[in-house]
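This briefing covers helix packing, a chain contact and a nonpolar core. The sequence and structure are shown first.

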Amino acid sequence: MRISTRINGVARQFDCQPGDTLFDVLRRMGLRGVKEGCDREGTCGACTVLLDGKAVLSCITPAPKVAGREVLTIEGLGDVASPHPIQVAFADAGAVQCGYCSPGMILSTKSLLDRTLVPTQEQIAEALSGNLCRCTGYVKIFDAVRDAAAALQQEKKDNER
Amino acid sequence: MSADRTRDLQVVGHSVRKVDSLGLACGQELYVADYATPDTLVGYVVPSPYAHARIKRIDATRARAIAGVHAVLTHEDIPRIAHTTAGQGYVEPSPYDNFVLDSKVRFVGDRVALIAAETLEIAEEAGKALDIEWEMLDPIFDPDHAMDEGAPIIHDEPEAHMPIPVPYDPKRNMAAGANMGDGDIEQALRTSPKVYSRDFSTQYAQHCPIEPHVTLGYLDARNRVVLITSTQVPFHARRITAQAVGIPVKRVRVIKPRIGGGFGAKQEVLLEPLVASLVLATGRKILMQLSRAEEFLSRTRHAIKVGIDGGFNEDGTINGLRMRVQSNTGAYGAHALTVMCNCGSKVLPLYRMKAVAFDAKAVYTNLPVGGAYRGYGATQAAFAMECFLDEVAEDLHLDPIEIRRRNHILPGEGSPVFAALGEGKPGVEQKIGSSGLAECLTLGAKAIGWEEKRSKPGTGTLRRGIGMCALMQGSAIPEIDLGAVHIKMNDDGSFNLTCGATDLGTGSDTILAQIAAEVLGVDETEVLVYSSDTDLTPFDVGAYASSTTYLSGEASRRAALAVAEQIREIASEMMESHPDPATLVLKDKAVVAPDGSRVTLGEVGLRSLYQANQRQVAATGSAISHKSPPPFSAHFVEVTVDIQTGQVRVVKYVAAVDCGTAINPKLAEGQVEGSVLNGISYALTEEYQFDDKGRMRNTGFNDYKIFGTQDTPEIQTILVPTWEETGPYGAKSVSEICINGALPAISNAIYDAVGVRLREGPFTPDRVLAAIRQKA
């Protein structure tokens, strides 16, 4: 089956075999920021991407489901030459230890901050509840989300000026 | 004192950004699986369905005939070489009781055969197509009966042996034994006014790095086996892989890319020999990655029973303590001896006593295999010791903090345990050089509100309680562990720092860069770190035993000092007045003389490589340690206990930690917070459930709960600076100690809330409710 979609802002077509998940397809395209940590049962969050702005688990998302829709992976959010403020906030807050969960965490954060730039602690914890991290104890991740929200608010203000 | 000595530091003591963090946040840094190419085959281990059985006959003809199968290896196809998977120094203090493949399986999930195939599905199909005639053997699951007369013998193979002279008796399922004593413990227990005896037990648990074990292997153009692998111990992985598959060390190259967490699980040389075997058999590139379910059956925290007998005076001072340890090492003895010894060596010296005894055994069972896990025995024994002291304090009408204050070790003091208990041999005598424990106790108590909140459980359904504990760990294994760092200068005055030290997310690359940068008078961004590749980087034992900051950090300092000396000589040649090099100072990316003359490091670099008296400015620093300075910590926790459901919730957790100088305070806090939450998760939810055939039933995150964002309480870290004279810029270790606090502190807090003592983890609603009902 041939699927047309948009990935990181670019129109893409891919062939998919029965049983293929979005995770399989993204990895085959060389998008290595999606990670695998739970036998494709959607319990670790390391494979999180945004589908039409909403955080989804690519390892349990059937590939054909993305037809005609917009996929954002960590590679589309920013890179080291031009990082997104959320990526900078995670790096600066000490929220990245081993980093294996970071792309998923950051995309879940993006989904949250697209909805509100003044998230409560409860909203942050809820938005990231599907993303497991074994390194940080989440403390610095919470800090990073708040720092990112502040940076994006500032950016918004600057743009409005 | 510490503040005076750290005040003028430019890079050390500052929370600079972790060098790899932005690349990780952008998904650009690469992990093992990211190196796979389309022609890579899948490596697969056929798991044993039985806990204890012998392979009488195995026929792989049908499996090999399946399209897409490139190799099927059984124990008949490869050399049979006894080794240990424990990634420890040579000679490893763990029994040689493991083979790449054997004619016997010893736990459910043990290796039956190895397969290389085009896809995982094909490999699994080939596994099912193996024709195996089994001889079923009686299993033994209960560690209390593993050494009974007539119990099934798990390691009856003639090769099983301990490579060092310590008690080992596989015919009785004994994987290790250790005894030490100082003073007359019997007399101390007989004559003390107050004598207590309590027993505690801890459960199986898994590290759960979000990236499970994974190894990629191939033959390079010089017919060498290259392993890109998720390991904490690249040099041990090279040595043990070569040994296990029977090829020379020089034919193996181990590369560690970014690692998705380890926590001790990857101090085990598990997949590397398997992948090497498949690479040698096929000549193809092989990727083997464990599934989450398989990861649970890789290595675990040893389930340990710890008993303590103690003789006390009425004022709470300790006359003598005896610690009794029974560790369940599962089917193989990896780390059995050393984890068990750590129960004593990282817990008993925390307190002064006239007599001490330690009596420990590790037993084989047909259950998953114990291994290294952050805390490494101290976690299990600190639970026992710190709950025990809480009970004693209560009986003697002492505040729990006060009983610690009356007994804890102070700077200048030693402990007979240090000298008596080492890594399978006597330990190394040491006196405490630095300790901030007294201040940790004070600051932690204040932060939790000890005075105001203690012993006020309330009367509703939700009872509140406060608990605490004191902790120590070590920093590196003295007289054994080696860390080495190489630094060379580039033509723009930047530096390459290569090290075998293994950053698995801890931030050690950054720490080592900061230490070198401080010496060289530059920002840490001028120091380009590369770790670890056995072909390219100097030796390091790897990331374990809380050694990297203390030991590899010292190696970095020494390498940088040697490089700085070379730079000063060149700078002196370049300056008109040719000042005494010893008078020159490296700062702000330049070399400055007392008379104000100045050359930049860029100018030094260019001259040294291109212009005059050319030579490579470079040096290697090596460090071993003659002691293992303990970090100290005091933990305080506030919990609520629902007396109707038994549900325990942590409201607030305070960890006050003395890690000497925190080279990077933010990264140090990250180590504390991560280990604290892992400890809380272990204390409240994590445990293996087995069926009566020895099968683990909860092999996924749905059934084996690890804490997520919504479970996380407020965690407050208080770094209490001290100056450890033997550490780089006064630093000690920080990575392990804080995983040890949650079990005892929460158990003690539950007692404060509802008056029941939980001496067995985890404190699940069922267990807590049962204890409450039993009391009623």
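In which kind of crossing, left-handed or right-handed, does α3(A) pass α4(A)? The crossing of α4(A) by α3(A) is right-handed. The model is predicted, and the points below are grouped by topic.

**Helix pair in chain A**
- Helix α3 (residues 85-93) and helix α4 (residues 102-115) of chain A have axes 10 Å apart and pack at an angle of about 125°.
- Because of that angle, α3(A) is oblique to α4(A).
- On the α3(A) side, the contact is formed by A:I86, A:Q87 and A:F90.
- On the α4(A) side, A:S102, A:I106, A:T109, A:K110 and A:L113 take part.
- By class, the residues of this contact of α3(A) with α4(A) are four nonpolar, three polar and one charged.

**Contact between chains A and B**
- Chain A contributes 43 residues to the contact and chain B contributes 48 residues.
- On the side of chain A that touches chain B, at least two residues come from each of α2 (74-77), α3, α4, α5 (121-127) and α6 (139-160) of chain A.
- The most on that side comes from α3(A), with four residues.
- The side of chain A that touches chain B is made up of 21 nonpolar, 12 polar and 10 charged residues.

**Largest nonpolar core**
- The largest nonpolar core has 317 residues, and those touching the most other members are B:I115, B:M340, B:A516, B:V657, B:I746 and B:I750.
- Helix α10 (residues 378-395) of chain B supplies the largest share of this core, 11 residues.
- Leaving out residues up to four places away in sequence, B:I115 touches B:Y44, B:V46, B:V69, B:A71, B:V72, B:A123, B:A126 and B:G127.

Methods: Residues numbered from 1 in each chain as written. Chains lettered and ligands numbered in written order. Predicted model: local features only at pLDDT ≥ 70, side-chain atom pairs only at ≥ 80, totals over all residues. Core = buried A, V, L, I, M, F, W, Y, C linked by C-beta atoms within 7 Å. Buried ≥ 20, exposed ≤ 12 C-beta atoms within 10 Å, placed from the backbone. Contact = placed C-beta atoms within 7 Å. Axes fitted to C-alpha atoms, helices over the stretch in contact; angles between N-to-C directions. Parallel < 35°, antiparallel > 145°, perpendicular 65-115°, else oblique. Left-handed = near helix turned anticlockwise from the far one by under 90°. Nonpolar A, V, L, I, M, F, W, Y, C, P; charged D, E, K, R; others polar.
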